Amino acid sequence: MRRWLLSACVSAVAAPAWAHGLEPIAVEFRLLGNDAAVEAIAWRRGDEIYAAAETLRALGISASTNQSEPSPLSDIAGLSYRFVEADQAVEITCASACFAHQRVRAADPEMTPLQVGVGGFLNADLVATYADEGGGQVSGAFDLGLFRPGGRGAIAWLMGAEAGALIRLDTAWTFDRPNARQSVRLGDALAPATASGAAFRFAGVQWGTEFAVDPSFVPFPLPTFSGEAAAPSVVDLYINGALQTRQRVDAGPFDLTDTPVIAGGGVAQLVVTDALGRQQNVTAPFYASPSLLRAGLTDFSVAAGATRRNFARASFDYGDAFALGAYRHGVTDWLTAEARLEVSGGASLVGAGLALARPTLGEVNVRVAHSETRLGDGQSLGMGWAWQGARFSFAIDAETTSDDFSRLGQEDTARRRAQGTIGWALGRYGALSLAAASQETTAFERVETWSLGFAPPAGRLGALAINALHVDDGEQAFTTASVTFVRPLGRRGSASTAVQSDADGISVRARAQRATPAEGGWGWRIGAAQGETRRWEAAAALRARAFEARLEAAHAAGADGLRGQFESALVWIDGATMIARPIRDSFALVDVGVAQIGVLHDRRLIGRTDQHGRLLVTGLRSYDQNRLGVSLDDLPIEASIAQDEVAVRTGARSGVRVDFAVAEGRAGEVRIVDENNDALPEGAVLVRDTDLARFPIGGDGRAYLSAVVGISTLVAEAYACRVVVTSQALDEVEPLRCVR
């Protein structure tokens, strides 16, 4: 019937100009080997068959985007065909060259929509110290945060050791735009550092790119690996011998894009396996550099305001007004260009830079800048070259500036600077590293440093590290060498011993410690040193539900000292107020409604609900997907829960409320019979329709039901009958009937 309709259409439609001499026919195109078939109109001239571009693309065959004229099948590379008159079909055989090019992407994580509540928090960090010579002092830091959907604010200040001395730090309101990967900040901010400019603090307005608001997006270019499949196949990608991803591809050429790789250089191997088990291998070098941007991607920042001076020493000390623009653009996947413009009072700066990365070269960057001030003009030129591989890596960077060169935010500019590092992975012999640096600034003469490190492979007893450092500032030089051994003590503990030699002689240090558990509890540290100065120290830390506290004691050079620290936060969110641990990042208020229920973050226990059935979970990853859940083993047997795990994604220094719908019901035994009053057989299973809970049936049709709330329906598997259960039915003696 469908073929007849196509034939009717062929007869009814007037032939276009290009169809002169072509006979339209209704056929079925069959792609042999791929089980693909498309019914469409074709054209015939003699023994030649013509097909429309959309028909070819439906078969997965490479075709021009011009759909106005059909293509002769014989003109397509790698394609052969025959016309089967009896079936009115065109059977096509395709080599890999005629298939459309496929772009196969590694699967992106499915992100939960951003959720932000309405609320705020006040962090308090109080520190008390006592020393034999200086007496006692009390200081502190306070941080007020506010948040709502679309924006967040913060005010932070210090309380000095002198009574009543308060120093304001940052005050700002930030608007995030996750869909555009941008943010706008009003108030105190930090100007971005680029190749030709430095970071500095200021007060004003800033608008720019913020890739951190979309953790699933990788801004730097990931390598693309290409291959061909003669038939539908599975492609395995190995990076330096380790399997990274597995994808299915159709027959034909393909590009594997956005694949997870390590930063730096390496070797990728594609293994293409078809349905018959035949394999082909493709090996290719690559180099991935986070310092580059994807082709066509732009990273920018625009700011205006006044520079901040004496941060953490003065509350309102500002310099000259300024305006700044920084721009980076991915020209290609291997070349990124940048530009920077600064204008401030009687000074200005223009800078530019290029960064590129290639598998055979590594990373290379060049940057130049020109500044103008009241004192004169200045220039800066810098270059860098780096290679990071699995076995060997190095990095060298040098910069020189003229005497009158000036950047915003830099009072002491380096006039000449050079540094380099080399690292070798020696396999079963360990790892070796060497670093050297030389710097000359306007305030200091040249300072040179050299460091050497060697780390044998870690063994069952622990890890050993050998280090040496030499520093020469032109007036004096000193050299130190040390040997350190670290041994694990359980899951959270470690012990270390270090022997150091310098101009003052040989000293020995020993330390043992146990980290405070994330879910709460005690941690400790003890240590001692013997050398020119004797020293011992001890510390204890407690992480509780509502605070974190530390107490440290030390004795050195005949003097004693004590230090105590207490941190806590007052949090309010969506109408709830509570005391909690300090808020350093994102958080969630988990409300289960039942006390002493274990709460999981990424399936790891991090605490238990309080008497109100709530727990404030801190330390969530901002903008990223966090999995929060409850421990089902802790729920009462009569309780019912719709879901025991949810995905949560919230903004930076913001919170969200997560309610787990736990309903407390009843539990008890019932007897289930069929329509003939015969007990359902032992081994049958009842499934509740609300939460899919399963209840096996024992002897005489008896089943123990839990979390019975209100009225629910249970289905007897394999018997196609239903039974209605109410909480009152648990008190009745009469059996419950399962009806069809």
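Asparagine 677 counts as partly exposed because its relative accessibility is 46%, where buried means under 20% relative accessible area, exposed over 50% and partly exposed in between, with a 1.4 Å probe and protein chains only. This residue is found in the loop between strand E48 (666–673) and strand E49 (685–688); helices (H or I, at least four residues) and strands (E, at least two) are DSSP runs, numbered from the N terminus. The phi angle of asparagine 677 is near 65°, a positive value in a residue other than glycine. This is a predicted model, in which local features need pLDDT of at least 70 and side-chain atom pairs count only at pLDDT 80 or more, while totals for chains, interfaces and linings use all residues. Residues are numbered from 1 along each chain as its sequence is written, and side-chain values use heavy atoms, with hydrogens and water left out.

Aspartate 574 also has a positive phi, near 50°, in a residue other than glycine. Its place is the loop between strand E37 (559–573) and strand E38 (576–580), and aspartate 574 counts as partly exposed because its relative accessibility is 37%.

Leucine 292 lies in the loop between strand E19 (279–288) and strand E20 (298–308), and it counts as buried because its relative accessibility is 2%. Neighbours within four places in sequence aside, leucine 292 is in contact (heavy atoms within 4.5 Å) with residues including Pro219, Phe220, Pro221, Arg328, Trp334 and Leu356. The C-alpha atoms of leucine 292 and aspartate 188, which are 104 residues apart along the chain, are separated by 28 Å.

Threonine 209, a residue of strand E13, is buried, with a relative accessible area of 18%. Glycine 151 belongs to strand E10 (residues 151–159) and counts as buried at 11% relative accessibility. With neighbours within four places in sequence left aside, glycine 151 is in contact with Trp173, Thr174 and Phe175. The C-alpha atom of glycine 151 is separated by 61 Å from that of valine 90, the two residues being 61 residues apart along the chain.

## The largest pocket

The largest pocket holds about 670 Å³ of space, and of the 30 residues that line this pocket, Ser406, Arg407, Leu408, Gly409 and Gln410 are the closest to its centre. On a 1 Å grid over the protein atoms alone, a pocket is an open set of points with protein on both sides within 12 Å along at least five of seven lines, and lining residues have an atom within 4 Å of a point. Grid points are joined across faces, edges and corners, and the volume is the space filled by probe spheres set on the points.

By class, the lining of the largest pocket has 7 nonpolar, 14 polar and 9 charged residues; Ala, Val, Leu, Ile, Met, Phe, Trp, Tyr, Cys and Pro count as nonpolar, Asp, Glu, Lys and Arg as charged, and the others, Gly among them, as polar. Strand E13 (200–209), E20, strand E21 (318–332), strand E22 (335–344), strand E23 (347–358) and strand E24 (362–373) each supply at least two residues of this lining.

## Strand pairing

E24 and strand E25 (residues 376–388) run antiparallel and are joined by 11 bridges, two strands being paired if DSSP finds at least two bridges between them. Serine 371 stands opposite glycine 378 in E25, and E24 and E25 form a hairpin with 2 residues between them. E25 in turn pairs with strand E26 (residues 392–401) in the antiparallel sense over 9 bridges, with alanine 398 in E26 as the bridge partner of methionine 383. E25 and E26 form a hairpin with 3 residues between them.

Strand E39 (residues 586–591) pairs with E42 in the antiparallel sense over 6 bridges, and valine 617 in E42 is the bridge partner of alanine 588. Strand E42 (residues 614–620) is mostly covered, since 5 of its 7 residues are buried.

## The disulfide

A search of the whole structure finds 1 disulfide, defined as a pair of cysteine sulfur atoms within 2.5 Å. This disulfide joins cysteine 721 to cysteine 738, with an S to S distance of 2.1 Å. The pair links distant parts of the chain, 17 residues apart, with cysteine 721 in strand E53 (residues 721–726) and cysteine 738 in the segment after strand E54 (736–737). The link of cysteine 721 and cysteine 738 is right-handed, with 95° about the S-S bond, and both cysteine 721 and cysteine 738 are buried.

Definitions and conventions:
On a 1 Å grid over the protein atoms alone, a cavity is a set of points where a 1.4 Å probe fits but cannot get out, and a pocket is an open set with protein on both sides within 12 Å along at least five of seven lines; lining residues have an atom within 4 Å of a point.
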